[in-house]
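Try each task yourself before you read its solution.

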Amino acid sequence: MSYEVNGQTIETNPNGYLDNQDDWSEEVGKVIADAEGIEMTSKHWDLVNHLRDEFFNNGGNQPNDRNLVKAMSSAWGEKINSKDIYSLFPKQPSKQAGKIAGLPESRRKGGY
C-alpha cells in the first residue's frame, strides 16, 4: 500500500502505516485522514500533534487512549471522556490518530 501526495509516492506497511516517519508532513497526514474517512479539525490536529510530540520527544512513547483523554482535557481546558476522542477517531484514537500522525504501528492489544 502507498499514498500519493503531491506527485510523490509514500510507502506504507500493509496496514497503511508509514514505512519511514521522515516522509510525514501535514499534507501526508491529510491524505491518510482522507483515506480513513476523517475530516480533520483543530481538535484532530491537537491530538495528532500530541502523539507526534510524545513519540519524537519522549523516547518513542505512544500514549494509550486513557492518557490521551487526560492530555486533551488539559490542552482543551475542559473535562472530556473517551467518547469525545472516539468521536474524533472512531477506530481507536491512539492507533488511528497514530497512523495519521505518521507513527509506527502500535503493538498494544486492541482492535484496529
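A residue is called buried when its relative accessible area is under 20%, exposed when it is over 50%, and partly exposed in between. Keep these cut-offs at hand, and remember that this is a predicted model.

**Exercise 1. Is Asn6 buried or exposed?**

Step 1: Find Asn6 in the loop between strand S1 (2–5) and strand S2 (8–11).
Step 2: Read its relative accessible area, which is 71%.
Step 3: Compare this with the cut-off: exposed means over 50%, so Asn6 is exposed.
Step 4: Look at the backbone too. Phi of Asn6 is near 50 degrees, a positive value in a residue that is not glycine.

**Exercise 2. Is Gln92 buried or exposed?**

Step 1: Go to the loop between helix H4 (82–88) and helix H5 (93–100), where Gln92 sits.
Step 2: Its relative accessibility is 12%.
Step 3: Buried means under 20%, so Gln92 counts as buried.
Step 4: Check the backbone here as well: phi of Gln92 is near 75 degrees, again a positive value in a residue other than glycine.

**Exercise 3. Which residues gather with Glu27 in a patch of negative charge?**

Step 1: Locate Glu27 in helix H1, which covers residues 26–36.
Step 2: Sort it by accessibility. Glu27 has a value of 36% and therefore counts as partly exposed.
Step 3: Now look around it on the surface: Glu26, Asp34 and Glu39 form the negative patch together with Glu27.

**Exercise 4. How far apart are Ala75 and Leu47, in sequence and in space?**

Step 1: Start from Ala75 in helix H3 (residues 65–76). With a relative accessibility of 52%, Ala75 counts as exposed.
Step 2: Along the chain, Ala75 and Leu47 are 28 residues apart.
Step 3: In space, the distance from C-alpha to C-alpha is 9.3 Å.

How values were computed
Residues are numbered from 1 along each chain as its sequence is written. This is a predicted model: local features need pLDDT of at least 70, side-chain atom pairs count only at pLDDT 80 or more; totals for chains, interfaces and linings use all residues. Side-chain values use heavy atoms; hydrogens and water are left out. Patches are made of residues with over 30% relative accessible area and no salt bridge: like charges are joined within 9 Å, nonpolar side chains (Val, Leu, Ile, Met, Phe, Trp, Tyr) within 5 Å. Accessible areas come from the Shrake-Rupley method with a 1.4 Å probe; for residues, only the protein chains shown count as cover. A salt bridge is a side-chain nitrogen of Lys or Arg within 4 Å of a carboxyl oxygen of Asp or Glu. Lys and Arg count as positive and Asp and Glu as negative; His and the chain ends are not counted. The place of a charge is taken as NZ of Lys, CZ of Arg, CG of Asp or CD of Glu. Helices (H or I, at least four residues) and strands (E, at least two) are DSSP runs, numbered from the N terminus. Buried means under 20% relative accessible area, exposed over 50%, partly exposed in between (1.4 Å probe, protein chains only).
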